[in-house]
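Hi,

Here is the structure I promised to pass on. Have a look first, and my notes follow below.

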Amino acid sequence: MLRYIAARTGGALAVLAAITLFVAFGVRLTGDPAVAQFEGGTPPSAEDIARIQRALGTNRPFLTQYGAFVADALRGNLGTSFRSGQPVVALIAERTPATLALATGGMVVALLAAFPLGTYAATHRNALADVLIRVGSLLGLSFPNFWLGIMLILIVAVRLRWLPPSGYSGPESLILPSVTLGIVLASTLVRLVRASLLDTLGQPYVRTARAKGLRERVVIGRHALRNALLPVVTFVGLQFGALLGGIVILETVYAWPGIGQLAVSAVVTRDYPVVQGIVVVLACGVILINLLVDISYGLLNPRVRVGV
Amino acid sequence: MTSRAHGAVRVGLAVALCAVMTAMLGGGPAGAQSPAHSRGRSLVIVQAQDPQTWDPIATFLLSWGMVGSNLFDGLLDRGPDLVLRPGLATSWMWIRPDVLQFKLRKGVKFHNGEPVDADAVKFTFDRLLGPEGAKGPQQGNYKSIDHVQVVDPFTVNFVMKTEDPVIVTKLAGYGAMIVPPKYIQEHGSAYFGSNPVGTGPFKFVEYRKDDHLTLAVNRDYWNGAPHVSAVTYRFVPEAATRVAELQAGRADIAQGIPVSQAEVVKKDANLTLMPVGSPTVIEIRFDPSKPPAGDVRFRKAVIASIDVQTIISTILQGYGHRVSTFQSPLSFGNDASMKPYPYDPNQAKQLLAEAGIKPGTEVTLSFPSNNADFREAAQAMGSYLQAVGLKLVLQPFEQVTYFSDILPHAKTGPIYEFGWGGWTLDFDNTAYLLYHKGEYWNPVFSDSEVERYLTQERTTNDQGARRKAFFALDHRLYDLAIDFPLWQTVNLWGINKRVRGFVAPPDDRVRLLSIDVQ
């Protein structure tokens, strides 16, 4: 088992190294941060550009820059932002709560919407409500989330003035972005809940439960839904990547001060250390989750270990 | 479970239906008390970008100027009328051809209580011209200064290294804002960048990156206290969201209203739309090393074939001014008597025939894709060029890639887009870096007559002689048709009607001192 864990951990570290190399190299192919600093000002001379390159250290050979980045990162230092002069670790830490709040909010909205709607659709198969829910979820999937965001802002914030259009002024600020994110996630989820529940409803144990004379509520709630939950939970876990992608766009629409907005502005201004830092942190998160899953599979199921 | 689900669905549907119907019927508290009034005399401004640092030497962004001009003062100042006026210096004069002397205002203090004196001025420029300044984009503008000399506590001499006829103007720019020596020495530049201390009419209270910045009134301001009670700047990248904040009454001033949203602001009874011509000009340049752009007949044919005025009145909805040279009419060196080449497709066809360019010839137009207005204009240009027998191929690039890899290495098509704001409002900066041979932005073009005028304007402080050199340059460039100046951009501001005394500044430096709210 130790060998298995060591091999998986080694693999994870190799993936992380490949990702950092790819990002550090890739971001440097897309333009010069020294040039980006002059946006909105006057055309810089070649001399100005060279001076800033020297000050930022971007004139050094790529491998030197990458080596310094790795050496610092191993000591927990992700460098300093070119734009603000602040440590990247601090910038990311400062933004994480806002992004986590939005991710959680979106997930809660999605689950709250998807379970009742999916269950209702499955138990009223082919009824009008089922058709409406299915069409609705298709619509939800087809709307780009930034468009949905702007529409919700126009209706709920501008027209009705129920909620603030953007920013981070209190708990109520979380509602609109969470609903937007939630609608997009729920659209996929509702179809999955419905399909999964329909599948379990056809199983022999549900027939048996019904044959025992249990009330329909108990049959669905206690027997069918619980079993239908498994693929849904797996899916929710896998959705995390998609969730992050949606968050990046929504943070911009809703002026939400999270990691997504930090990433977008860092890419636009070619703030290499910030871009690298965010990718490293996110990659570490995803790799860690996968590693834990792999190891727990190995612990649970001895057959998995054989493959090493 | 199911009945509970039933209930949830019913309630959900009912709420959604109500919301949609109220919205559609145009209900809602449109006529009710706007949240703007509950803010009293405090002001909320929404702007697109957070510059990430408030250190004057570390930025070039217009979004910095919107804020920084209220936190800091320079020796000189330039208001919305763009005329230079005294700031922390009460007077200035050249006491020798290479020494510019300033008399400082007495009794001014930084927000932390430090005195503003000759030592603070010296510290500011030592920092700007030293290693700290080398990290930022501002240093290059001030490299004609050799050093600053303290004469007495309220007199400083700027000793010049080289001629710089634009230095007085530059001293009203961002980089030359006077900063507190003790505070920066104690806390360091990174801290200063997120906790700025200046001498301006407003002082720093709180800053949350990419979210908001709060300022309080500086009651002891040397030029009188501001009328408003406090200011919050909020950073909202999406233009539609900025307009929404304005419509919802949660913001008083919004910067960067896109042309597509201009009507929305205009039609709102609580709002005013204010357009103002900016120093930024958009043009098409020709790369003479790439055929057929080396032929002046081709260049003039392209210019004659496109009806720029129609593009301005349709795509830009009139928010743009036709220009004849690559500088805004606000800039020193602009010959107002020059007229742009007229739209004349027949002449264009004739010129193309003379140059032996076959109908259906493909021409590539490279441009950065971030400017939505230009992207639409480029499509319109495609049909204009088709009408005279040229096939336009559009080649968009991401902005930073375009400016760092494509343009300076002459990897564009024979025609390409270029746009810049001449912040000094003097043609010198733009002209020198764009037409002087071998500059970063000018990898190919060279002309000896152009070089002569550029040297003439740069080596004298005599404004009359400089104007003459610029006018000659304007005409030479016009005859060469080396570029195709399109329009001066017009910035749109959305203002809540409760705001009084707001003047839309051409350079985005909103002066809050004169603003009041009802």
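Helices (H or I, at least four residues) and strands (E, at least two) are DSSP runs, numbered from the N terminus. This is a predicted model, where local features need pLDDT of at least 70, side-chain atom pairs count only at pLDDT 80 or more, and totals for chains, interfaces and linings use all residues. Residues are numbered from 1 along each chain as its sequence is written, chains are lettered from A and ligands numbered from 1 in the order in which they are written, and side-chain values use heavy atoms, leaving out hydrogens and water.

Now the sheet. S6(B) pairs with strand S7 (residues 155–160) of chain B in the antiparallel sense, over six bridges. Within that pair, B:His147 has B:Val159 in S7(B) as its bridge partner. Both strands belong to an open sheet of four, in the order S4-S5-S7-S6 (chain B), with antiparallel pairing. Strand S4 (89–96) and strand S6 (145–152) of chain B are the edges; each has a single partner strand, so one side of each has no neighbour in the sheet. From one strand to the next, the twist averages 20 degrees. Helix H4 (residues 118–129) of chain B packs on the sheet and touches strand S5 (99–104), S6 and S7 of chain B (contact means heavy atoms within 4.5 Å). The direction of H4 makes about 165 degrees with that of S6(B); angles run from 0 to 180 degrees between N-to-C directions, and axes are lines fitted to C-alpha atoms, for helices over the stretch in contact.

Further along chain B there is a helix pair. The axes of H16 (residues 427–435) and H17 (residues 448–458) of chain B come within 11 Å and cross at roughly 145 degrees. Residues that meet there include B:Tyr432 and B:Tyr435 from H16(B), and B:Val450 and B:Leu454 from H17(B). The contact holds five nonpolar, no polar and four charged residues (Ala, Val, Leu, Ile, Met, Phe, Trp, Tyr, Cys and Pro count as nonpolar, Asp, Glu, Lys and Arg as charged, and the others, Gly among them, as polar).

Two backbone details to finish. A cis peptide bond joins B:Pro291 and B:Pro292, with omega about 5 degrees; B:Pro292 is in the loop between strand S12 (271–286) and helix H11 (296–305) of chain B. In chain A, A:Arg161 has a positive phi, near 55 degrees, though the residue is not glycine.

Cheers

Notes: Pairing = 2+ DSSP bridges.
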